[in-house]
Amino acid sequence: FAIDQVGPWARVMKGLNEFPGRLQKAQRRALKEQARKFQEAVRDGIENQAPGGKSFVPLSPFTLAVRQFLQLPSTKALLVRGRLQRAVVVEKLDDDQFFVGVLNDGKQGTGRLSMFRIAWTEEYGAQFVIQITPKMHAFIMAVMRQANMPVGAPGSGKASAQLFITIPPRPFMQPTMDEFQKSFEQNFTRSMGSDLLGVLFD
């Protein structure tokens with residue numbers, strides 16, 4: 001009594017032997033794809049002003065007046081020239097990990113806030129006090145006059161006054177992550193499935 005093998009058994013065995021390695025590659029490609037999609041979701045959330053479906057706190061009238069005075073066309077929060085939006089990057093940490101967010105470039109004491117510090121401030125909000133210089137006072141007065149804002153707005157007093165600034169939280173990472181996680185497993189599995197389609201008979 002004998003059993004004959006019928007069909008492409010050599011290809012089947014080859015596929016089975018290669019499956020573990022191809023599965024690992026598929027997992028890594030799917031992870032990279034999801035990291036890219038999350039990056040797009042974060043950037044899109046900034047663009048549409050509602051990361052994860054949660055709308056940003058509107059800009060204050062004074063902030064809008066400053067932008068108009070400086071001839072900056074954008075009236076959107078976190079969007080003046082798009083620097084923060086472009087700063088959201090994907091970085092490979094190792095074969096199984098990707099970082100998505102704003103990198104800490106370590107720029108301190110340069111007179112210009114790093115994008116990481118700006119991102120942190122926007123995500124969690126901040127309160128601070130600055131001393132108004134004569135030059136700053138003149139600028140504030142010019143903004144107010146152009147915008148027909150009443151005297152008594154921030155900085156309208158003496159040039160030596162202090163200005164108390166409150167930046168409300170406008171989180172763009174966490175709400176996007178919360179929403180993205182809802183479909184992550186399904187999308188990750190779908191990406192792997194399309195990559196592994198025909199793994200035994202390619």
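Predicted model: local features only at pLDDT ≥ 70, side-chain atom pairs only at ≥ 80, totals over all residues.
## The S1–S2 hairpin

Strands S1 and S2 form a hairpin, with two residues between them. S1 covers residues 88-94 and S2 residues 97-102; the two strands run antiparallel and are joined by six bridges. Asp94 in this pairing stands opposite Gln97 of S2.

## Confidence of the model

For the protein chain, the mean pLDDT is 85, and 79% of the residues reach 70 or more. Among the elements of the chain, S2 has the highest mean pLDDT, at 96. The lowest mean, 83, belongs to helix H1, which comprises residues 9-48.

## Salt bridges around the hairpin

Side chains of opposite charge can pair when their charged atoms come close. Over the whole structure, five salt bridges are found. One of them links Arg28 with Asp96, with a distance of 3.3 Å between the closest N and O atoms. Arg28 belongs to helix H1, whereas Asp96 lies in the loop between S1 and S2, so this pair ties together parts that are 68 residues apart in sequence. Arg28 has a relative accessibility of 26% and therefore counts as partly exposed.

A salt bridge also joins the side chains of Lys92 and Asp95, at 3.2 Å from N to O. Lys92 is exposed, its relative accessible area being 52%. Asp95, by contrast, is partly exposed, with a value of 36%.

Helix H6 spans residues 174-196 and contains both Glu179 and Lys182, which are three residues apart, or about one turn of the helix. These two residues form a salt bridge whose closest N and O atoms are 3.1 Å apart. With a relative accessibility of 38%, Glu179 counts as partly exposed, while Lys182, at 66%, counts as exposed.

Elsewhere, salt bridges with shared partners join Arg28, Lys92, Asp95 and Asp96 into one network.

## Glu123, a buried acidic residue

Glu123 is found in helix H4, which runs over residues 115-124. The residue is buried and yet has no salt bridge. Lys54 provides the nearest side chain of opposite charge, and Lys54 is 10 Å away. The cut-off for a salt bridge is a nitrogen–oxygen distance within 4 Å.

A polar atom of the Glu123 side chain does, however, lie 3.1 Å from the backbone nitrogen of Gln174. When neighbours within four places in sequence are left aside, the contacts of Glu123 are Pro169, Arg170, Pro171, Phe172, Met173, Gln174 and Pro175.

## Helix H2 and its packing

Helix H2 consists of residues 61-69, and within this helix Ala65, Val66 and Arg67 are buried. The buried residues of H2 pack against helix H5, which is formed by residues 134-146. After H2 comes Gln71, which has a positive phi, near 60 degrees.

Methods. Residues numbered from 1 in each chain as written. Heavy atoms only, no water. Pairing = 2+ DSSP bridges. Helix = DSSP H or I, 4+ residues; strand = E, 2+ residues; numbered from the N terminus. Buried < 20%, exposed > 50% of the residue type's maximum accessible area, 1.4 Å probe, protein only. Lys, Arg positive; Asp, Glu negative; His and termini not counted. Polar contact = N/O pair within 3.5 Å; in protein donor to acceptor, adjacent residues only side chain to side chain. Contact = heavy atoms within 4.5 Å. pLDDT = per-residue confidence, 0-100.
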